[in-house]
Amino acid sequence: MGGIILVVILLLIVLIVLASCIKIVPQAQAVVIERLGAYQTTWSTGLNFKIPIIERVAKRVNLKEQVADFPPQPVITKDNVTMRIDTVVFFQITDPKLYAYGVENPIMAIENLTATTLRNIIGEMELDQTLTSRETINAKMRASLDIATDPWGIKVNRVELKNIIPPAAIQDAMEKQMKAERERREAILRAEGEKKSTVLVAEGKKESAILDAEADKQAAILRAEAEKEKRIKEAEGQAEAILKIQQAQADGIRFIKEAGADTSVLQLKSLEAFQAAANGRATKIIIPSEIQGLAGLVTSMTEIAKKAEGDMK
């Protein structure tokens, strides 16, 4: 009976040992295996077996991207200004074997390497350049750290300057400078606004003067056109009156001819036409010789008529 119990105990021990030799590696992890104290292999994701007692798990490695937030480090700029800068490093383990055997404490090594690299970069830059060159500093630090950590099986993906803290006196001077710069910009904006306002007012007056001149021009054109129309109408009226007079005279002559008047009557009408042309004005008119005799006859007949009228009275 005691022997059976002993066998059962031995079987249980064997099962426990065998179960401990079965390892399941989860996703994004790796396991470094040693055999008799020497590196044997690296287990990847899945089910794995190790030899009891001879092999052991040396290190479990997280293959995800990790973030290391380091406290502020004192650095000195090229112009001897001491400031404090804290950094954030994003890194990822790419070789579990190098990570396990490359350096004793990888995180501490990265922190110290970050501090020294940051001091070297900032020491070559002045204060103003440091405050405005974050991207340049980040790129230089990432390149330097990536080269330095490559033998440790670590890849540095990104480095960010979290805070740049200058001395209190520098902060006060920067605040005053920023205030003066804001006031200067405000004055410039105010002056530009006044300038634009003046320009707009001047342009408005100019446009108003142009519109007034254009209105005066149009009014003058309309008055000239009205005067022109008036003169044209008057000239047309005079021309029409002259045309009617000439037409009436032509009709009178035609009627006389149709009535069979002799040469004496025509000459008399011509004399009347000359008299009408004189119109009682001091006008010198040259009368043809053919009409002069007829004119004397008319005068004599007029005097005889007047004398006969006086005798009758």
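Helices here are DSSP runs of H or I with at least four residues, strands are runs of E with at least two, and both are numbered from the N terminus. The model is predicted: local features need pLDDT of at least 70, side-chain atom pairs count only at pLDDT 80 or more, and totals for chains, interfaces and linings use all residues. Residues are numbered from 1 along each chain as its sequence is written, and side-chain values use heavy atoms, without hydrogens and water.

I then listed the lining: Phe70, Gln73, Thr87, Glu111, Thr114, Ala115 and Leu118. A cavity is a set of points on a 1 Å grid over the protein atoms alone where a 1.4 Å probe fits but cannot get out; lining residues have an atom within 4 Å of a point. By class, I noted 3 nonpolar, 3 polar and 1 charged residues.

I checked the count and found 1 cavity of 30 Å³ or more. The largest cavity has a volume of about 30 Å³. Volume is the space filled by probe spheres set on the points, which are joined across faces, edges and corners.

I turned to the strands. Three strands form an open sheet in the order S3-S2-S5, with antiparallel pairing. Strand S3 (38–43) and strand S5 (55–62) are the edges, each pairing on one side only. Pairing needs at least two DSSP bridges between two strands. I found 7 bridges joining strand S2 (residues 29–35) to S5. Valine 31 has arginine 60 in S5 as its bridge partner.

Terms used: On a 1 Å grid over the protein atoms alone, a cavity is a set of points where a 1.4 Å probe fits but cannot get out, and a pocket is an open set with protein on both sides within 12 Å along at least five of seven lines; lining residues have an atom within 4 Å of a point. Ala, Val, Leu, Ile, Met, Phe, Trp, Tyr, Cys and Pro count as nonpolar, Asp, Glu, Lys and Arg as charged, and the others, Gly among them, as polar.
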